[in-house]
Amino acid sequence: MTTMTAPPVAPEQNLRLRARRLPVVALLGIAVAAVAVAALLVYATGIGGFALVVALAMLLYLVGLFAASSAVEGRRQARNRTWSALIHSAFVLALLPLISVVWTLLSNGMERLDRTFFLTSMNNIGARDPNGGAYHAIVGTLEQVGIATLITVPLGLACAIYVVEYGRGRFAQLIRFFVDVMTGIPSIVAGLFVLAFWILIVSPYLNDGRPGYSGFAASLALSVLMLPTIVRSTEEMLRLVPAPLREGSYALGVPKWKTILRIVLPTAAPGIVTGVMLAIARAAGETAPVLLVAGGGAAINFNPFENNQSSLALFVYQQAGDASRYAPARAWAAALTLVALVLILTIAAKLLARRNRFGR
Amino acid sequence: MGDTPDRSANAGTGGPRVTLGHSRSAGAALSVDVPVTPLDRTPDGVGSQDSDLGPGGTGLGGGGALPRRRAFGAERIFHGFTMAAGMTVLGIIVAIAIFLVAKAVPALDANTANFFTYEGWSPNETEPKFGIGALAFGTVLTSLLALLMAVPVALGIALYLSHYAPRRVGTALGFLVDLLAAVPSVVFGLWGRDYFYGPVRDVSAWLNTYFGWLPIFGGDGPFGRSVLLGSLVLAIMVLPIITSLSREVFLQTPTANEEAALALGATKWEMIRMAVLPYGRPGIIGATMLGLGRALGETIALAMTLGIVSKISFNLIENGGNTVAANIANAFGEANDIGRGALIASGLVLFSITLIVNMTARAIIYRRREFTETAA
Amino acid sequence: MAMRIEATNVTAYYGGFKAIENITLTVEPKTVTALIGPSGCGKSTFLRSINRMHEVLPGARVDGRLTIDGQDIYDRDVDVTAVRRMIGMVFQRPNPFPTMSIFENVVAGLRLNGVRKKSILEEAAERALRSANLWDEVKDRLDKPGAGLSGGQQQRLCIARTIAVEPQVVLMDEPCSALDPISTLAIEDLMFKLKDRYTIIIVTHNMQQAARVSDKTAFFSIERTGDPGRLIEYDDTQKIFSNPSEKKTEDYITGRFG
């Protein structure tokens, strides 16, 4: 048997289960005292207003809580309580601006959210005209995002299939790595890339030597942004397909490519759709690339391959920078429309993912 | 009958074109429908005349020589097509670098100032002068400030959602956080410019009155459209992203480790310190780096909230501040040829910075993956 | 320094589901008590209510009275961390902290209690590792990750971690179910050694193990799935395994049911 030297934890500490607790009343007391002291300090010295009182009171409450808890319950409980209070206040602190964003968006956005807004463009709308709308921008967003989706989905699926099903060794790993890296390419860089490559180098050949800004160019830039998202999510979904499904198919003599197209892809389809929808939602909200390569425009332009096009996000940006006193209302209405579009896509995607998860 | 090879052959030719000379966008646009077809249509062609399927003519399981592997079977073509798609990703990254460089070089040649040290941005003059110094400084300053404010709060919220809130509340709010992460940046920019500007201006004035002796809060105004406003808006934007990622990591902490800590008599906070945070650390670092990548590249929200003054200054509250991305959005409208080239050059710098940040983040996350695999 | 545990009418719930009902038994100091019974009969739930680990799960709660040397551990004024310090627990799967070294794992509990001095920690770590029959295997690599050990070693590391804080009672929740026979034997040896100093309660599915290591055995069972688990019989191990008074116990032990 090992010899018993003095145990590292004092036995009497070990044998006592009861501990003194800070009663709820004490917590309330500390809170009230913190507010009182903060208010007194701030208003007596005249160094600030209500916001400062709140901030100071919060600080005093934390200090007071730690001190009181240390004295009554000991250091460990004090630390536990203070961190818990900090974590809760972080939550509240972050909630305030986010609620403010949602509130201003709703209250300002509703003002111009009318028929005219959805059915007219900004063509011939001057600084003194209160009407005008985002029809052209909505058309632009839908076309640009739609084309980008058509480009990205097949490419992204094929890339993910390669990485998961065919890729071996370093090359597949390299692709994986670069897909991840590509996720982090700033949207403005994607825009500049398409500007340098498509607008300035390729399009002059198709456009009598002048650079041709177009909605299609915006689609290309959005594709660069969507591709990694789609590859990543598809990859994850393909990996979730159980191996026995594939093996069962191989064992029947079905070739690999058919197994992939007929067994693996359909099984993973709901998850893949979710990923695609999230990528679309993100692309729909991008402003910078559209600004650089589609140029914006006030009139309705259904042709994505020729002439400037706008988009909802770009419309928000341009109206926000417009000096007209009616512009802010239009900007907010467009912002609300955009957020609604993006959120509907996101929520639908998440619900699909969730239903799918429960289905398994 | 005979459908399948035909279509796949199309898809196959779409593939190589993709890799050749990076006329990728055109190629990709043309092949839009092509790769989709095999997905939808193959069922008709199943088992048709594919010798891969089995010894075709000899009947099921019949004898005879095993069929040879075809050099140009559907399998090869499909494989080739997916590989080409994979290479497109590499191609795009390389193409971004090449085309940005190609368009930046003429402007850099025309530049009469030192690109790396000059603080101003006037590339449209007859004697173009522009430098990345102030912009890069502003980008890094704004992003780091934003992270400094966002990360602790984000971790707090993530912990609240994963370990403090009742499970249902945590799930519901976690969903809400994911939604907020999807709100476009232009909306945050609009909000920051129209509504957040007021409070920030007042706080700035207050800071200036009482802490004006600190250089970062000095100056004589006007205040508001400042680095402080920009980085606060940025912080609010990256908050949901970092929260969402770290919440996921925290939720993945093995229950066994949490229970081990609790069974040793740990308080909740001690349990988080012992089990949750160490386990999640690589994930937190990765999330932070991704947030940083997002912040560095953020364009519109900053173009709408910063004062757009290209000058290296640590002052946080006076009107001013600029970043590479915001400058591109703001200066693009009036840019001439050299001006566009100059903006592209600045974009190249931004691309390099984000590339480095992202690669670092990925390296950390990969390490974590190995680490958790060995630990499990 | 081991203590007596008395459970009176202990009932435990998971949300609306009643997992165990009216468990009443007394565990004497410095004995090994085995809890046996078919799967889902609530023996692990009962074990986890003894150190208040049951309530960690969302929606879980415990009614009734559980005392250790007369102190009610569910009393309102009781510090739950003190309860768990006094009543240590070893889990089914070895769960060393993956980011900590072997040494840090063993002294984790001591650090919580504010022990800072290196010499005390080292001494305590060696003592705990020796008690857990692990010292000779790991003394040269104390700074290596605990996750690098074999399963049996990891489980002994977890036992060392538990006894490093000198608890009064050690609860073991099927500690050998994830281990190979040799490691199992090592842990059974360890239990013999530990019962000189600790009260040990072990949940096991392995009847031979219960017969080998325990002084007393409690047999839990359920009527049907969905019913709460009940204590059927509690007696000296020898009596339970040779001449049980309940028919159900006999059926279970002879393998006729469960």
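Here are some questions and answers about the predicted model shown above.

Q: How many helices and how many strands does chain A have?
A: Let's start with the pattern along the sequence, where chain A reads α-α-α-α-α-α-α-α-α-α-α-α-α-α. That pattern goes with a count of 14 helices and zero strands.

Q: Why is chain A described as more spread out than a compact globule?
A: The C-alpha atoms of chain A fill a box of roughly 90 × 75 × 35 Å along the principal axes. For 360 residues the globule rule gives 21 Å. Chain A is well over that value, so it counts as more spread out than a compact globule, with a radius of gyration of 29 Å.

Q: How far apart do the C-alpha centres of domain 1 and domain 2 of chain A lie?
A: Chain A is divided into domain 1, covering 21-111, and domain 2, covering 118-359. Their contact takes four residues from domain 1 of chain A and six residues from domain 2 of chain A. On the domain 1 side, those residues divide into one nonpolar, two polar and one charged. The C-alpha centres of the two domains lie apart by 43 Å.

Q: What classes of residue make up the side of chain A that touches chain C?
A: Turning to the contact with chain C, 20 residues come from chain C and eleven from chain A. The chain A side divides by class into six nonpolar, two polar and three charged residues.

Q: Which classes of residue does domain 1 of chain B turn towards domain 2 of chain B?
A: The domain assignment of chain B gives domain 1 as 3-110 and domain 2 as 129-375. Nine residues of domain 1 of chain B are in contact with eight residues of domain 2 of chain B. By class, the domain 1 side has no polar residues, one charged residue and eight nonpolar residues.

Q: What percentage of the residues of chain B count as buried?
A: Chain B has 13 helices and two strands. Among its contacts with a separation of 6 or more, 74% are between residues 24 or more positions apart. Of the 376 residues of chain B, the part that counts as buried is 53%.

Q: Which strands of the open sheet in chain C stand at the edges?
A: This open sheet has four strands in the order β2-β1-β4-β5, with antiparallel pairing. Each edge strand has a single partner strand, so one side of each is left without a neighbour in the sheet. The edge strands of chain C are β2 (17-27) and β5 (71-72).

Q: Which residue of β2(C) is the bridge partner of C:A12?
A: Strand β1 of chain C, residues 5-14, pairs with β2(C) in the antiparallel sense over seven bridges. In β2(C), the bridge partner of C:A12 is C:I20.

Q: At about what angle does helix α1 of chain C run to β1(C)?
A: Helix α1 of chain C spans residues 43-50. This helix lies across β1, β2 and β4 of chain C, with β4 covering 60-68. Relative to β1(C), helix α1 of chain C runs at about 115 degrees.

Key
Residues numbered from 1 in each chain as written. Chains lettered and ligands numbered in written order. Predicted model: local features only at pLDDT ≥ 70, side-chain atom pairs only at ≥ 80, totals over all residues. Domains from an automatic or database assignment. Contact = placed C-beta atoms within 7 Å. Nonpolar A, V, L, I, M, F, W, Y, C, P; charged D, E, K, R; others polar. Buried ≥ 20, exposed ≤ 12 C-beta atoms within 10 Å, placed from the backbone. Pairing = 2+ DSSP bridges. Axes fitted to C-alpha atoms, helices over the stretch in contact; angles between N-to-C directions. Rg over C-alpha atoms; globule rule 2.2 N^0.38 Å.
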